[in-house]
Every structure is written in structure tokens, then in C-alpha cells.
Amino acid sequence: MPNPNRVTEKLFQSPSKYIQGPSAIHNAPKYLSSFGAAPLLLSDDLVYKIAGKELTTALEVANFKVTRGIFGGEASKDEISRLGALGKEKSVDFIIALGGGKTIDSAKAIADDLGLKVAVLPTTASTDAPCSALSVLYRPNGEFENYRFYSNNPSVVLVDTSVVVQAPARFLASGIGDALATNLEAKAARNSPNFGGGLPTEVASAIGAKCEEILFKYGRQAVEANKAKAVTPAFEAVVEANTLLSGLGFESGGLAAAHAIHNGLTAIDNHTLHTKMHGEKVAFGTVCQLILDGAPTSEMDRYISLMVSVGLPTTLADLGIENATDEELRRVAALACAPNETIWNMDRVITEEIVFNAIRGADVAGKDYKVRNGL
């Protein structure tokens with residue numbers, strides 16, 4: 001049930017500084033110099049080739065001593081421990097995360113373990129992870145394990161849109177899928193404490209609404225611009241919505257069923273499903289959220305239309321699990337209803353059976369939209 005501890009204080013939290021724009025990476029030394037001069041730069045091999053070398057050069061010209069930590073791909077406790085040991089061995093004095101959501105979540109954990117500040121430089125706009133004071137951790141096999149919470153948000157989030165636009169448009173679309181849940185979940189969780197432990201503020205609600213407004217106004221246009229590698233005003237607006245507005249909105253507004261069902265989907269052992277991005281699975285969770293909210297068909301259609309227009313999944317078939325059995329979907333529902341999951345933030349009765357039926361209902365709603373629109 002929402003707010004069992006009867007919290008009455010409102011709370012809003014955010015990064016100390018957010019910077020976004022083309023070629024912003026060249027100015028990284030200016031924004032990072034107050035943290036120290038010996039960072040651990042965390043990135044995978046692909047991202048290092050795309051932006052890591054350029055960032056390292058900019059830092060070394062400014063007399064930073066950069067230690068490179070090669071991220072292995074999973075935000076797991078083992079990977080965090082391995083890279084944390086490297087940072088300790090090299091006596092680094094702050095952490096830089098360069099990459100996607102799992103790189104960022106690992107870097108936050110390493111910084112927390114070592115008692116250091118973390119600067120986040122996302123290379124995609126595929127999740128709302130960069131701005132938050134939490135990590136989503138997984139087991140080495142990719143199954144969701146737990147959330148990890150921190151006392152502070154990242155000190156700096158720096159988004160170079162010249163780098164972000166080089167990523168496949170699927171990444172931006174996935175970010176839209178993640179961000180589209182923000183306002184709906186915040187409204188469903190409005191009477192529950194947020195991730196900071198306080199009730200949502202009015203500004204958190206306004207940020208969630210503005211995030212959604214931008215996605216409906218510019219979402220498809222931004223994805224098409226991304227396909228052309230064009231940094232346009234629409235692209236900049238959606239990058240900000242995916243990264244800053246959704247990040248602030250979910251953390252200070254709260255999550256509900258969409259993300260809990262995303263976490264539940266990790267219970268199905270299916271290769272195609274596990275190749276889907278975070279925001280792609282959250283998108284289907286958002287359809288489930290709408291079902292649980294009792295949304296009318298006209299409202300369902302509005303959200304599904306945007307999702308379909310940018311290539312997001314709205315059915316089990318889109319996720320590659322059209323043949324999922326009732327037993328498998330009940331496992332998804334059970335994991336979505338695990339103790340302390342965000343679905344319990346909702347101000348309504350929730351059971352595993354209700355969630356199972358919402359998943360089935362979301363699947364048929366997505367199918368029905370496509371049939372009615374000749375898709």
C-alpha cells in the first residue's frame with residue numbers, strides 16, 4: 001500500500017549540473033576539473049572508439065591522468081567489484097561514466113563504493129539513468145536483481161548531442177519508451193514516497209507532464225532526424241526529455257507498474273526478449289500500466305500510436321514472446337509483484353492475478369490497435 005510510514009515531507013532531488021549540446025565533450029575538462037585530476041574512465045570498447053579517445057585526448061591536454069576501465073557489458077555486482085578494484089589500485093579521484101545505462105549504473109556503484117564523485121557522459125538517449133541517484137543491478141545472466149540507492153545524484157551530467165546522434169535511432173526510440181512511462185507512473189504513484197523517501201513535489205509533477213508533452217510533440221520527428229544523423233531542435237528536445245526530464249520525473253515523481261512489469265519480463269528465458277532494450281520492454285509495460293489504470297480506448301490509442309510510430313513494442317509478439325505460456329506470464333506477474341517492487345506504489349488493489357490479466361489485456365489492446373489501423 002502507498003505510504004505505510006505516513007511520510008508527510010515532500011522531496012525533490014537532481015544532479016548538481018546538467019549540460020547538453022553539440023560538441024559538449026570538448027568542454028569536459030572545464031566541468032570536471034573541480035573533482036580531481038585522475039579519473040577512472042568507464043566505457044566499453046565500442047563506445048571508447050566512438051567517443052572515448054576524443055574525451056581522453058581532451059582530458060589529457062588539460063593535464064588529467066586518465067585510467068581506462070573496460071566495461072564488460074552487465075551492471076552486475078561482480079563487474080562493479082572488478083572495476084572498483086582497478087580504481088582503488090590506480091588511486092583514481094573520481095569516476096567518469098561514458099556510455100549507456102548499464103555503464104552508467106555500474107559507474108555510480110563504483111563511485112559510491114570508493115567514496116568518490118561521478119560524472120555521467122551518456123552516449124545515447126536510450127534511458128533516464130544518467131541523472132538519478134540509483135542503479136538497476138542485474139545478475140550475470142541478465143536477470144533483474146535489485147535497485148541500489150545512493151545519497152547523492154551524479155555531480156555532473158554532460159550530454160554531447162553530436163555523439164548521441166551517431167547512435168542508431170533505435171536507441172532514441174527506446175529512450176522515448178522509457179520516458180513515456182514517466183508521467184503515467186508518477187500519476188499512479190502520487191500518494192507514495194518517491195526514490196528520495198519524500199512525497200512528490202509540484203515541480204516533479206510539472207516535469208513529468210512536460211516530458212510527456214515533448215514526446216508527443218516531437219517524438220517521431222526526432223527519431224527521423226536521428227536516422228539522418230541531424231541534430232535538430234526536435235532532436236535536442238527529445239534528448240532532453242529522455243535524459244533530464246524523465247530522469248528527474250521518475251526519481252522525484254515515482255515509478256509504478258510499467259517498470260515493475262519490465263523487471264518481471266526478465267523471468268522469461270527467451271533470447272529475442274533479452275535482446276530488447278530497456279525502454280522497449282518498458283513501452284509494453286506502459287500499455288500494461290494503462291490497462292491497470294482503466295484507460296479508455298481513445299487514451300490507449302494515443303499512447304500506442306506514438307509507440308508504433310517510432311517502432312516500439314506494444315504486443316507480446318513485438319517482444320518475441322508471442323508463444324509465452326500462462327505459466328511464464330504468471331512468473332512475470334509474480335516477479336513484478338515482488339516485495340518492495342514499484343507496483344506497490346499504486347493506490348489500488350494489486351495481486352499477481354490482476355497483473356497477469358493486465359499483461360494479457362495489454363497484448364490484445366496492442367493487437368486490436370494494429371488491426372483497426374491496418375498494420
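A residue counts as buried when its relative accessible area is under 20%, as exposed when that area is over 50%, and as partly exposed in between (1.4 Å probe, protein chains only). The structure is a predicted model, in which local features need pLDDT of at least 70 and side-chain atom pairs count only at pLDDT 80 or more, while totals for chains, interfaces and linings use all residues. Residues are numbered from 1 along each chain as its sequence is written, and side-chain values use heavy atoms, with hydrogens and water left out.

Helix H3 (residues 77-89) contains Glu 79 and Arg 82. At 43% relative accessibility, Arg 82 is partly exposed, whereas Glu 79, at 12%, is buried. Their side chains form a salt bridge of 2.8 Å, N to O; the term stands for a side-chain nitrogen of Lys or Arg within 4 Å of a carboxyl oxygen of Asp or Glu. Side chains of opposite charge can pair when their charged atoms come close. Because Glu 79 and Arg 82 are three residues apart in H3, about one helical turn separates them. An α-helix has 3.6 residues a turn, so residues three or four places apart point the same way.

Helices here are DSSP runs (H or I, at least four residues), numbered from the N terminus. Lys 227 and Glu 224 lie three residues apart in H7. Glu 224 is partly exposed at 33%, as is Arg 220 at 45%, while Lys 227 is exposed at 53%. Elsewhere, Asp 112, Asp 113 and Arg 148 are linked in a network of salt bridges. The structure holds 20 salt bridges.

Residues of H6, including Leu 172, Ile 176 and Leu 180, meet residues of H7, among them Leu 215, Phe 216 and Lys 227.

H12 runs over residues 297-309 and reaches 18 Å from its first C-alpha to its last, close to the 18 Å expected at 1.5 Å a residue. That expected span is 1.5 Å times one less than the number of residues. Met 300, Asp 301, Tyr 303, Ile 304, Leu 306 and Met 307 are buried in H12. Just after H12, Gly 311 takes a positive phi of about 80°.

Why is helix H9 (residues 257-265) described as largely enclosed by the rest of the structure? Nine of its nine residues are buried, including His 259, Ile 261 and Asn 263. Thr 266 sits in the loop between H9 and helix H10 (271-274). At 6% relative accessibility, Thr 266 is buried too. Neighbours within four places in sequence aside, Thr 266 is in contact (heavy atoms within 4.5 Å) with Gly 142, Glu 143, Phe 144, His 274 and Leu 335.

Technical notes
Helices (H or I, at least four residues) and strands (E, at least two) are DSSP runs, numbered from the N terminus.
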